[in-house]
Amino acid sequence: MAHPTQLGFQDAASPVMEELLHFHDHALMIVFLISTLVLYIIVAMVSTKLTNKYILDSQEIEIVWTVLPAVILVLIALPSLRILYLMDEINDPHLTIKAMGHQWYWSYEYTDYEDLGFDSYMVPTQDLTPGMFRLLETDHRMVVPMESPVRVLVSAEDVLHSWAVPSLGVKMDAVPGRLNQTAFIASRPGVFYGQCSEICGANHSFMPIVVEAVPLKHFESWSSLMLEDA
């Protein structure tokens, strides 16, 4: 998760998020190069009184500064489109979970099981124990098996919400009357935190999301225990 004074993204916990981080670095390097070139040109124009009559009207330079930006845009657009299609691709998910947004909590339903579902509320500050994060911890975590494709169906019951977990590279709007879907693969075990990313009301910032990725055998034990309690 994020920590104080952090300037970059959170550590990637899914293949898609790793691709997003690589694309971010790729685009940022292009921005740095362009900024350096523009700054050099500005400094050169301000600091010298010399002029060149061949530069005042040059077809070659006009061709370069027309073609070069087009090439740069293509270098940015191609990997961007590739990641966009990867994020929309959902093939044979091993598990499907329905996340329903309410004011102001999330409810989860494991649709592959008959009676496996629960509400997930934020843990109040006075009930926090050592090791818990304020405004981010929930009383019930969404447990998923690691290294397995998980599909999340996202909707809302009252107003607009948004189900977002930055470490997994997931952000999907929850719209009342509409069922959106997204998918992720947790590439390592861990606990990943997120929040509602939509201004959905007075307590919209207090709708934390906690996804816990565990090995498959641990997930099976957890699901069996939850079904027995139900």
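Against which element do the buried residues of H1 pack? They pack against H3, and this tour of a predicted model starts from that pairing.

**Before you select anything**

This is a predicted model, in which local features need pLDDT of at least 70 and side-chain atom pairs count only at pLDDT 80 or more, while totals for chains, interfaces and linings use all residues. Residues are numbered from 1 along each chain as its sequence is written, and side-chain values use heavy atoms, with hydrogens and water left out.

**Stop 1: helix H1**

Select helix H1 (15-47), bearing in mind that helices (H or I, at least four residues) and strands (E, at least two) are DSSP runs, numbered from the N terminus. The 33 residues of H1 should span 48 Å at 1.5 Å a residue, and its end C-alpha atoms are 48 Å apart, which agrees; the expected span of a helix is 1.5 Å times one less than its number of residues. Now colour Met 17, Leu 21, Ala 27 and Ile 30, the buried residues of H1, where buried means under 20% relative accessible area, exposed over 50%, and partly exposed in between, with a 1.4 Å probe and protein chains only. An α-helix has 3.6 residues a turn, so residues three or four places apart point the same way.

**Stop 2**

**Stop 2: the largest pocket**

Where does the largest pocket lie? It lies between domain 1 and domain 2, because both give residues to its lining. On a 1 Å grid over the protein atoms alone, a pocket is an open set of points where a 1.4 Å probe fits, with protein on both sides within 12 Å along at least five of seven lines, and lining residues have an atom within 4 Å of a point. The largest pocket holds about 470 Å³ of space, a volume being the space filled by probe spheres set on the points, which are joined across faces, edges and corners.

Of the 25 lining residues, select Val 16, Leu 86, Met 87, Glu 89 and Ala 183, which lie nearest the centre of the pocket. By class, the lining has 15 nonpolar, five polar and five charged residues; Ala, Val, Leu, Ile, Met, Phe, Trp, Tyr, Cys and Pro count as nonpolar, Asp, Glu, Lys and Arg as charged, and the others, Gly among them, as polar.

**Stop 3**

Move to Ser 14, in the segment before H1, which counts as buried at 1% relative accessibility. Not counting residues up to four places away in sequence, Ser 14 touches Ser 167, Leu 168, Gly 169, Ile 185 and Ser 187. Then select Ser 148, in the loop between S4 and S5, which is buried with a relative accessible area of 9%. Leaving aside its neighbours within four places in sequence, Ser 148 is in contact with His 94, Phe 184 and Ile 185.

**Stop 4: backbone details**

Most residues other than glycine have a negative phi, and most peptide bonds are trans. Look with that in mind at Thr 5, which has a positive phi of about 65° although it is not a glycine, and which is exposed, with a relative accessible area of 74%. Asp 92, in the loop between H3 and S1, also has a positive phi, near 50°, and counts as exposed at 62% relative accessibility.

Which residues does a cis peptide bond join? The bond is between Gln 103 and Trp 104, with omega about -5°, and Trp 104 is found in the loop between strand S1 (95-102) and strand S2 (105-110).

**Stop 5: exposed and partly exposed loops**

From Trp 104, draw a distance to Thr 125: their C-alpha atoms, 21 residues apart along the chain, are separated by 16 Å. Thr 125 sits in the loop between strand S3 (117-120) and strand S4 (142-145) and counts as partly exposed at 45% relative accessibility. Finish at Glu 114, in the loop between S2 and S3, which counts as exposed at 75% relative accessibility.

How values were computed: Domain bounds come from an automatic or database domain assignment. Contact means heavy atoms within 4.5 Å.
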